[in-house]
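Have the sequence and the model open side by side.

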Amino acid sequence: MSIVQSGEVKKELEQAAEAAKSPEALMSKVVEVLHARMLKYNWVGFYMLEKEAGSPPMLVLGAFEGAMTPHTRIPLHQGICGAAASQGKTVVVDDVSSDPRYLACSLETKSEIVVPIFVRGKVVGELDIDSHFLAAFKHDDRELVEFCAALVGKYLETSQT
Ligand code: SME
């Protein structure tokens, strides 16, 4: 990925955040732009944390681009998604076939990145991206995906006050 490309995508999404009428609209735009512009990002989606009294917290599929996944609800102790949300840390997996935590979404997926979204220091969801290429998520990709997750976190923070 070139720095120019990543810079353009960031600028486009910053403008989208200013124009978005709701967090859902912003998240739809983020998945649309990342999926369309970043050619190795073959599945792009948000999972948002659902906390309901009496039930264990759950990651629930939100806006996404790519093939439908069987994993629409993921508990925090499962998958790479569960690991990123429960640790509050970005997880990058260069080869999903060698990670026992991996929950298969598509047979074509080779690598994955999951970045948590924070609102006032607490995890509220995450941005998950799968690639059909091994080790697709390099330093610049991680920076871009973390930028997108932070953009949504900031939007949620201001829209909830
Ligand atoms: N691979 C994820 C599950 C979600 S799908 O990739 C869309 C995981 O291991 O948590």
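**From a loop to the ligand**

Leu-76 is partly exposed, with a relative accessible area of 25%. Partly exposed is the range between buried (under 20% relative accessible area) and exposed (over 50%), taken with a 1.4 Å probe and protein chains only. Accessible areas come from the Shrake-Rupley method with a 1.4 Å probe, and for residues only the protein chains shown count as cover. Leu-76 sits in the loop between strand S3 (73-75) and H3. Helices (H or I, at least four residues) and strands (E, at least two) are DSSP runs, numbered from the N terminus. Pro-56 is 20 residues from Leu-76 in sequence, and the two are 8.4 Å apart in space, C-alpha to C-alpha.

A word on the model: it is predicted, local features need pLDDT of at least 70, side-chain atom pairs count only at pLDDT 80 or more, and totals for chains, interfaces and linings use all residues. Residues are numbered from 1 along each chain as its sequence is written, and side-chain values use heavy atoms, with hydrogens and water left out.

Now go to the ligand. How many residues surround the ligand? The count is 13, and the closest are Ile-80, Cys-81, Leu-103, Glu-112 and Asp-130.

Look at the polar contacts (pairs of N or O atoms within 3.5 Å). A polar backbone atom of Leu-103 is 2.8 Å from an oxygen atom of the ligand. The side chain of Glu-112 places an N or O atom 2.9 Å from a ligand nitrogen. Asp-130 has a polar side-chain atom 2.9 Å from an oxygen atom of the ligand. Taken alone, the ligand exposes 300 Å², and the protein buries 100% of that.

Which elements give two or more residues to the shell around the ligand? They are strand S1 (43-50), helix H3 (79-87) and strand S6 (122-131). H3 gives the most, with 3 residues.

Ile-80 lies in helix H3. At 2% relative accessibility, Ile-80 counts as buried. Strand S6 includes Ser-131. Is Ser-131 buried or exposed? Ser-131 is buried, with a relative accessible area of 0%. From Ser-131 to Ala-85 the C-alpha separation is 20 Å, and the two are 46 residues apart along the chain.

**Two positive phi angles**

Most residues other than glycine have a negative phi. Arg-120 is not a glycine, yet has a positive phi of about 45°. Arg-120 is in the loop between strand S5 (111-119) and S6. Arg-120 is partly exposed, with a relative accessible area of 49%.

Ala-135 also has a positive phi, near 45°. This residue is found in the loop between S6 and helix H4 (139-159). Ala-135 is partly exposed, with a relative accessible area of 22%.

How values were computed:
Near = heavy atom within 4 Å. Polar contact = N/O pair within 3.5 Å; in protein donor to acceptor, adjacent residues only side chain to side chain.
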